[in-house]
Amino acid sequence: MRPGAWRRLLLEKVRALSLYREQAEKGLALVGEVRGERLREMRELYAFFERELPKLLERFSEGG
């Protein structure tokens, strides 16, 4: 495996997570925030991963 391959692989997964977040948002638009508790939680979790995973990978690349 090439150097940095794991980092690149995980960054690809972040892109996939954004698709799940977008689907949760579409579902919430259909059922509403009040009835969509699970979808709201899903959206928030995937949004968190989208924000934080790239930062963690950057820290890892820097040796931190």
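Let me begin with Arg15, which forms a salt bridge with Glu12, their closest N and O atoms being 2.7 Å apart; a salt bridge here is a side-chain nitrogen of Lys or Arg within 4 Å of a carboxyl oxygen of Asp or Glu. Please keep in mind that this is a predicted model, in which local features need pLDDT of at least 70 and side-chain atom pairs count only at pLDDT 80 or more, while totals for chains, interfaces and linings use all residues. Residues are numbered from 1 along each chain as its sequence is written, and side-chain values use heavy atoms, with hydrogens and water left out.

Arg15 and Glu12 are three residues apart in helix H1, and are therefore separated by about one helical turn; helices are DSSP runs of H or I with at least four residues, numbered from the N terminus. Arg15 is partly exposed at 49% relative accessibility, where buried means under 20% relative accessible area, exposed over 50%, and partly exposed in between, with a 1.4 Å probe and protein chains only.

How many salt bridges does this rule give? The count comes to eight. Among them, Arg7 and Glu58 meet through their side chains at 3.1 Å, N to O. Arg7 lies in helix H1 (residues 5–31) and Glu58 in helix H2, so this pair ties together parts that are 51 residues apart in sequence. Arg43 and Glu33 also meet in a salt bridge, at 3.2 Å from N to O; Arg43 lies in helix H2 and Glu33 in the loop between H1 and H2, so the pair ties together parts ten residues apart in sequence. Finally, Arg21, Glu22, Glu25 and Glu50 are linked in a network of salt bridges.

Terms used. Helix = DSSP H or I, 4+ residues; strand = E, 2+ residues; numbered from the N terminus.
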